[in-house]
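I opened this notebook to record what I looked up in the structure, one topic per entry.

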Amino acid sequence: MTDKIRVVIAKPGLDGHDRGAKVIARALRDAGMEVIYTGLRQTPEQIVATALQEDADAVGISILSGAHHFYFEKVISLLKEKGAEDIIVFGGGVIPDEDVPDLIAMGAGAVFGPGTSTGTTIDWLKKAVAKDE
Amino acid sequence: MTDNYRDAKAAYDAAAEKAVQKNPERYGQFTTGGGLPLKRLYCPDDIEGVNYLDDISFPGSFPFTRGVQSNMYRGRFWTMRQYAGFATAEESNARYRYLLERGTTGLSVAFDLPTQIGYDTDHPMAQGECGKVGVAIDSLADMETLFDKIPLDKVSTSMTINAPASVLLAMYICVAEKQGIKSDDLSGTIQNDILKEYIARGTYIFPPAASMRLITDIFDFCGKHVPKWNTISISGYHIREAGSTAVQEVAFTLADGIAYVEAAKKTGQDPNVFGERLSFFFNAHNDLIEEVAKYRAARRLWARIMKERFGVTNPKALMLRFHTQTAGCTLTAQQPENNVIRVTLQALASVLGGTQSLHTNSMDEALALPTEKSVEIALRTQQIIAYESGVTNTVDPFAGSYVVESLTNEIEQNAINYINKIDDMGGMLKAIEAGYPQKEIQDSAYSYQKAIETEQTVVVGVNKFQTKESAHGRKLLRVDASVGERQIKKLHEMKSKRDNIAVKNLLDDVRKAAKSESENLMPAILNAVRVYATEGEICGVLREEFGEYVENVVL
Amino acid sequence: MSVLSSKILNGDVRGIARAISIMENKTNRTGVSEAEELMKEIYPHTGNAWIIGITGSPGSGKSTLTDKLIEQFRTEGKKVGVIAVDPSSPFSGGAILADRIRMQRHSDDPEVYIRSLGARGALGGVSNGTRETSLILDASGKDIIIIETVGVGQSEIDIMRIADTVCVVLVPGLGDEIQIMKAGIMEIADVFVVNKADRDGADKVARETRAMLDLLKNKDWIPPVVLTIAEDGSGLPELVSKIDSHKKFMHDTEAGIERIERRLNSEVENLLLSRLVVRAWQLWGENKSNRIKDMLELKTNPYAIVDEIIKNI
């Protein structure tokens with residue numbers, strides 16, 4: 001038996017659309033993971049502090065307001081600042097395909113657009129965490 | 001039913017079963033998009049108990065199942081109202097004038113998230129959000145720009161604003177004053193529906209008691225000073241977007257409505273009066289038949305609730321008038337052109353269901369804000385339904401259909417069951433506190449997602465008929481970071497020019513009004529807005545007085 | 001001393017976080033030595049924190065109360081650790097840990113450390129790693145540790161073995177009065193909190209609780225009943241002062257010593273039990289398939305095998 005995967009699912013900023021975040025949180029739980037759900041209106045500082053305190057393997061950011069550049073950059077750079085670049089950052093929401101390469105270049109592990117099955121996310125996350133260890 | 005009928009029906013059933021034995025049907029159990037079981041065939045015996053005059057009746061008559069007007073679209077079409085707004089007031093003003101030139105008949109303002117949550121653009125929480133999902137409004141100065149050269153007595157304006165609705169309504173009234181227009185002549189809607197923010201949409205600020213007071217203050221103020229204004233748009237749209245079924249959409253929306261009526265009654269207001277100005281907002285989802293039935297059921301049930309529960313006699317206060325938006329959650333990022341067809345079917349359902357106004361989504365909205373081109377196609381979709389399809393030439397054409405009447409009954413009955421349960425919990429506020437509607441919606445959302453993943457539900461282009469394609473190179477509308485910088489600069493310039501002493505004094509008045517239990521908050525807010533107190537300053541005072549809501553998550 | 005232990009003693013967030021995970025996962029690993037060596041190293045540095053347990057039915061407002069307690073203790077300048085335990089799914093073993101939503105405003109306060117734990121099958125209201133987690137937070141320099149139990153409405157007696165002061169949260173309208181009688185919560189409470197005191201029936205709950213407490217007259221410590229409205233912070237200063245009085249009582253009387261003795265006793269019992277289980281499983285696993293084969297052929301039987309394992313432990 002390996003250690004349980006722990007994932008923070010966060011809603012940064014003011015965006016209140018949490019259907020996707022809640023669906024993925026449940027799907028990850030049903031895949032045996034421990035999901036720390038932060039709720040709405042999180043600052044990057046709160047998200048990073050949560051990830052550190054919770055010893056998270058990964059942080060999933062859900063954002064539909066179009067402010068993804070700002071929040072991915074902020075979360076990833078704060079994690080680096082704290083020496084925690086080993087914590088995987090991934091995300092989903094209304095994020096155009098053409099923005100994804102930028103987010104990956106910043107250090108995001110993966111970005112899942114609308115219509116991604118939860119199975120795809122789960123498989124990716126399991127592999128990414130295993131590789132990380 | 002006659003014996004002949006029964007025999008013939010039995011013969012049909014037997015024949016159909018035999019055919020199924022040979023060639024199995026696509027599903028063991030068919031359901032509507034909202035999960036209601038659907039029979040192979042609906043027949044006269046399915047609507048045996050329906051009494052035409054009591055349950056359906058004529059358009060414009062109680063219980064308004066067939067529509068709120070006697071001739072519906074044979075007179076005037078619904079209001080074609082496209083939700084729009086982005087970046088700063090200048091850019092949005094240009095988009096509104098573009099839409100008005102192309103035949104849109106009402107404006108619908110989308111505000112950015114800081115505006116919706118009562119923060120000025122220079123607040124730390126507003127970082128990265130300025131102008132992204134709507135227009136940034138910090139003060140009356142921005143509102144003046146937003147409606148520049150748009151005569152407010154000639155258009156009706158809908159504003160999607162909830163927690164700080166009083167402030168934005170006050171700004172609108174002040175812009176009208178400057179155009180020389182009296183508040184009596186203004187028509188439009190503020191969403192002003194906080195309960196669905198707690199349940200599904202998330203742009204709340206204050207705790208429930210304070211929020212309900214702000215809402216009933218608006219009811220009262222508008223009744224006296226802005227009589228043609230729809231003081232609330234009780235919204236099922238976002239409940240559905242969050243993943244609810246059609247039944248839950250009707251049930252939770254009307255249960256919210258009940259809570260507002262009760263709150264206003266408690267302040268001594270007469271539902272025969274404020275009831276006229278209540279409006280509703282529903283989603284138009286994919287299942288055409290179920291959606292038509294949903295609107296009809298909602299109309300009938302609301303009329304019955306107002307009459308039986310609240311003793312309303314004024315027919316105008318019994319009518320459920322509603323705006324519709326096609327379902328954003330059904331749009332796909334894959335093969336986005338397909339969204340045009342989805343939107344067409346959804347819009348058709350809302351017209352067949354008797355909507356009073358309609359927003360059709362643009363095909364690129366699963367990717368980003370819509371471009372002008374895609375907005376135009378969306379508007380043309382409505383115009384084609386209105387002018388070319390013919391469905392508008394006779395009233396409520398689906399009435400009497402066995403399946404439609406049967407589903408209308410079923411949706412109404414299931415919604416009643418939910419409402420009874422919420423009553424038992426002590427009403428919607430208590431139910432929200434217990435996380436009940438939130439949990440019901442999340443359960444539906446999760447099972448919908450599972451149905452897609454097991455291909456029980458087919459989404460063309462997503463889990464079937466996929467093509468390898470890339471959205472790269474498609475033109476998307478972007479709001480860059482410089483928009484926020486420009487807006488902050490404008491805000492700071494405005495603050496240096498205004499009468500800051502007057503601002504301070506009038507903000508103190510807002511605080512005093514907030515502290516007093518009996519005073520209506522609207523006049524104090526109007527006075528503060530008039531001297532260019534910002535939205536963030538006014539909501540800041542209210543935050544200090546009322547506190548802030550923390551969501552209740554039950555997963 | 002190991003690197004990890006010194007990180008904990010220095011209050012390093014990542015070190016603390018990792019150590020807690022090691023404690024949580026210890027039964028998953030082939031050797032428990034890493035976890036136990038760590039505990040041996042930090043144990044001498046514990047005993048400074050006051051540990052408060054918060055237990056009560058779902059919907060009683062435990063998380064909001066915890067949030068407000070953090071605020072109170074922070075204004076006194078105290079460093080606070082929080083352990084929030086949520087149920088795990090019996091089907092997948094996964095969990096959604098959402099208690100901290102209500103405490104998130106404290107998450108970027110460097111003197112507050114909040115950790116969510118899945119119950120992972122434990123039934124007593126806390127998870128198996130909760131005691132160790134509290135020791136780690138204690139050693140890291142926290143003055144106050146608040147443990148929020150699962151709150152499934154059943155008897156959550158394990159909190160008694162971990163916390164110095166147990167607060168039982170009641171609310172009007174949930175039938176909590178009956179709960180108290182049934183579940184023996186009377187015995188575990190050091191302080192009763194009647195939360196949502198603005199609701200109808202709050203006074204009745206408080207009265208009935210006090211009436212039941214009258215039956216305990218011969219005791220040295222009669223649990224006080226505090227009315228609170230966690231949403232707006234009403235009653236929180238009084239709650240903190242009652243917790244302080246209980247702390248003082250524990251310091252000044254034999255009761256404090258007794259509780260610590262009881263806790264040490266159960267700590268040894270638990271450790272013994274878990275070690276024995278691990279060791280026994282290991283011995284059983286070594287030659288499992290051959291022994292099963294032997295049993296199938298009736299060469300031996302389960303009783304004989306267990307005797308053999310016990311002999312070798």
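This is a predicted model: local features need pLDDT of at least 70, side-chain atom pairs count only at pLDDT 80 or more; totals for chains, interfaces and linings use all residues.

**Entry 1. Chain B as a whole.** I looked up the secondary structure of chain B and found 22 helices and 9 strands. Taken along the principal axes, the box filled by the C-alpha atoms of chain B is roughly 85 × 60 × 50 Å. For burial, I recorded that 53% of the 555 residues of chain B count as buried. I also looked up sequence separation: of the contacts in chain B between residues at least 6 apart in sequence, 77% join residues at least 24 apart.

**Entry 2. Domains of chain C.** Which domains make up chain C? I found a division into domain 1 (1-45), domain 2 (47-252) and domain 3 (264-312). I looked next at domain 1 and domain 2 of chain C, whose C-alpha centres lie 25 Å apart. Where these two domains of chain C meet, domain 1 has 13 residues in contact with 11 residues of domain 2. On the domain 1 side, the elements that give two or more residues are α1 (3-9), α2 (13-24) and α3 (33-42) of chain C. The largest share of that side, 6 residues, comes from α2(C). By residue class, I recorded the domain 1 side as 10 nonpolar, 2 polar and 1 charged.

**Entry 3. Helix α4 of chain C.** I looked up α4(C), residues 62-75, and recorded 14 residues. From first C-alpha to last, α4(C) reaches 20 Å, close to the 20 Å expected at 1.5 Å a residue. Is α4(C) mostly covered or mostly uncovered? I found α4(C) mostly covered, with 10 of its 14 residues buried. The buried residues include the run K62(C), S63(C), T64(C), L65(C), T66(C), D67(C), K68(C), L69(C) and I70(C), and also F73(C). Just after α4(C), I noted that G77(C) takes a positive phi of about 80°.

**Entry 4. Contact of chain C with chain B.** How many residues does each chain give to this contact? I recorded 6 residues from chain C and 6 residues from chain B. The chain C side divides into 3 nonpolar, 1 polar and 2 charged residues.

How values were computed. Residues are numbered from 1 along each chain as its sequence is written. Chains are lettered from A and ligands numbered from 1 in the order in which they are written. Two residues are in contact if their C-beta atoms, placed from the backbone, lie within 7 Å. Ala, Val, Leu, Ile, Met, Phe, Trp, Tyr, Cys and Pro count as nonpolar, Asp, Glu, Lys and Arg as charged, and the others, Gly among them, as polar. Helices (H or I, at least four residues) and strands (E, at least two) are DSSP runs, numbered from the N terminus. The expected span of a helix is 1.5 Å times one less than its number of residues. A residue is buried if 20 or more other C-beta atoms lie within 10 Å of its own, exposed if 12 or fewer, and partly exposed in between; C-beta atoms are placed from the backbone. Domain bounds come from an automatic or database domain assignment.
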